[in-house]
Amino acid sequence: TYFDQLSRLNVLFITQYQVKELRWVNYFLTDAQTRSEGWKAFDAIQLERQEQAERSVLISCHSKTNEKKFLKYLSIHGDIKNSFFYESYGTYAVVEFANQESIASLHEAVNLPVVSNESVVPFKSRLLSLRSLGAAVVPNSQTGPKCKPQATIPLTELIQRLSKEESIDHQVTSLMKAYQVTEENTRLRFLVCSLLKDIAAAYFPECNVRPFGSSVNGFGKLGCDLDMFLDLDGISGRNVAMPKAGLVLEYQMKRSNSERAVTQSILSVVGECVDRFGPGCVGVQKILNARCPLVRFSHQPSNFQCDLTANNRVAMKTSELLYLYGCLDGRVRGLVFAVRCWARVHSVTSSIPGAWISNFSLTVMVLFYLQRRATPLIPTLDHLRSLAGPADKSVIEGNDCTFVSDLSKIQPQDNTETLEQLLCGFFHFYSTFPFARKSINIRKGKEQTKPEVVPLHIQNPFEVSLNVSKNVNAAQLERFVALCQEGAWQLEQSATLTRGTGHAPSPWGLAALLVPAAGTPGIKGRKKRKREPASERIKSLLESLKNKI
């Protein structure tokens, strides 16, 4: 069966693989053929998640809470569809009811907190606390509910796990499974957005708060920040048909000389409400003079670092595009996870704003590389636009954001490279890329002359006049190129190593790439390796660098 499936994809090099590897090769190569099965459109998934969140509550519990009694107690308000526990500044439970009416029933039974020598802000939210009166809920046993992990495993444990795998393809897949956002973590992210919506709805009853970025694009790492935007486009009255004559009513509203000023005012008020009234929201900062004004805060019950913007529709469209690319072929997400994990270990990227390459820029670089393969793995954005139908048309603030949203309309590519080949090729590609002269553009899928003098130029897919990597300085770009050269060298050496199978095998392949450098996080601080004969590909790389110099 495997041979038949592979032959239909014109895989001519099947004899290179051992039989035990075929199921992994088959998984990635036939993914493009079967990817539409069980696939859901981006907007459909967002709507489904939002409905789940509206039926959910977040409850702070005792660490020894009896899960069975806890759920039985809540079930008096309606059927419970889903629930899980996790730890973050204590033990919390996310409980999803089957019907929205259960939330109203629950609210009627919830008491206001009784405190002494203090006053409380009487804002009723779906963030609740469970108290035990006697031993009805908290038994004498020492065991509590099983908590779902909301953070990635330690790097040392990940390296040990990857070192025991049989191939680099296995390693990439194992890393992705260990690091990707889980089902429970996704539900929690949408619930936090729903809780924020409850606060903003006091001023804007028809608003919505939606996550974007890594939380929804399929490339999110467990524990990544939560990016949200306050969506006011759904407010009724915008598209009401105006009569040609007669009487008509309009709302009286405050007016401003720019949309940016309106956004700043809205975020200022919502940010103040989050700070004053939002339970669990701490460290609120209103960063209103940034290019994209935002409110930043920590949500302690979920342990998310949150950024709230307003009407950021282009960012949501970008999230949908990345989600689509990740669904086109299973190797796309695997390669992005591997490269992003490698970049964070070696300080190419950082959670602190600065001159580093951002995760978004790095993801675009991976997509561009996959477009530039001898046989492209993914199509260009212009090609996706050419496949779009009338329902896909999208122009946001003068930017053409149109691309096909139906996965079945996109013809699968013929690229049959393994993840090992793609990962090694990524490092080779960017170790020799002409950054001094060329710009990265996934809309065209080819290098273009830089429109401005900056170390790194990556065109925003939709706001084409913007360089998403303008913050990157020359020193950071030089480090990235040097690390790519190092990564290519390490993968070349892994091909000649005997792969360990003991309890603590030596790191090899992707695992070796994730070993932090000794001393300072720069190439110069690394311990000099023993000289070994270079392969033909390394010789070619060195020769090309020599010619370039």
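Predicted model: local features only at pLDDT ≥ 70, side-chain atom pairs only at ≥ 80, totals over all residues.
Residues are numbered from 1 along each chain as its sequence is written, and side-chain values use heavy atoms, with hydrogens and water left out.

View A. The order is 5-6-9-8-7 and the pairing is mixed, where two strands pair if DSSP finds at least two bridges between them, and where strands (E, at least two residues) and helices (H or I, at least four residues) are DSSP runs numbered from the N terminus. Strand 5 (208-212) and strand 7 (281-287) are the edge strands, each with a single partner strand, so one side of each has no neighbour in the sheet. From one strand to the next the twist averages 25°, with axes taken as lines fitted to C-alpha atoms (for helices over the stretch in contact) and angles running from 0 to 180 degrees between N-to-C directions. Strand 6 (residues 226-231) and strand 9 (residues 304-310) run parallel and are joined by five bridges, and Leu 226 has Cys 306 as its bridge partner in strand 9. Helix 11 (residues 313-328) lies across strand 5 and strand 6, at about 45° to strand 5.

**View B. Two cysteines without a disulfide.** A disulfide is counted here as a pair of cysteine sulfur atoms within 2.5 Å, and by this rule the count is zero. The cysteine sulfur closest to that of Cys 281 belongs to Cys 306 and is 7.1 Å away, which is too far for a bond. Cys 281, at 9% relative accessibility, counts as buried, as does Cys 306 at 0%; buried means under 20% relative accessible area, exposed means over 50%, and partly exposed lies in between (1.4 Å probe, protein chains only).

**View C. Strand 3 and its two partners.** Seven of the seven residues of strand 3 (residues 91-97) are buried, with Thr 91, Ala 93, Val 95 and Phe 97 on one side and Tyr 92, Val 94 and Glu 96 on the other. Strand 3 pairs in the antiparallel sense with strand 1 (residues 56-61) over six bridges, and with strand 2 (residues 80-87), also antiparallel, over seven bridges. Within these pairings, Val 57 has Val 95 as its bridge partner, and Glu 87 has Thr 91.

**View D. Two non-glycine residues with positive phi.** Tyr 89, which is not a glycine, has a positive phi of about 55°; Tyr 89 lies in the loop between strand 2 and strand 3, a hairpin with three residues between the strands, and is exposed, with a relative accessible area of 62%. Asn 311, likewise not a glycine, has a positive phi of about 50°; Asn 311 is placed in the loop between strand 9 and helix 11 and counts as buried at 15% relative accessibility.

**View E. The packing of helix 7 with helix 8.** Helix 7 (residues 155-163) and helix 8 (residues 168-179) pack at an angle of about 145°, with their axes 9 Å apart. In contact (heavy atoms within 4.5 Å), Leu 155, Leu 158, Arg 161, Leu 162 and Ser 163 of helix 7 meet Gln 171, Ser 174, Leu 175, Ala 178 and Tyr 179 of helix 8.
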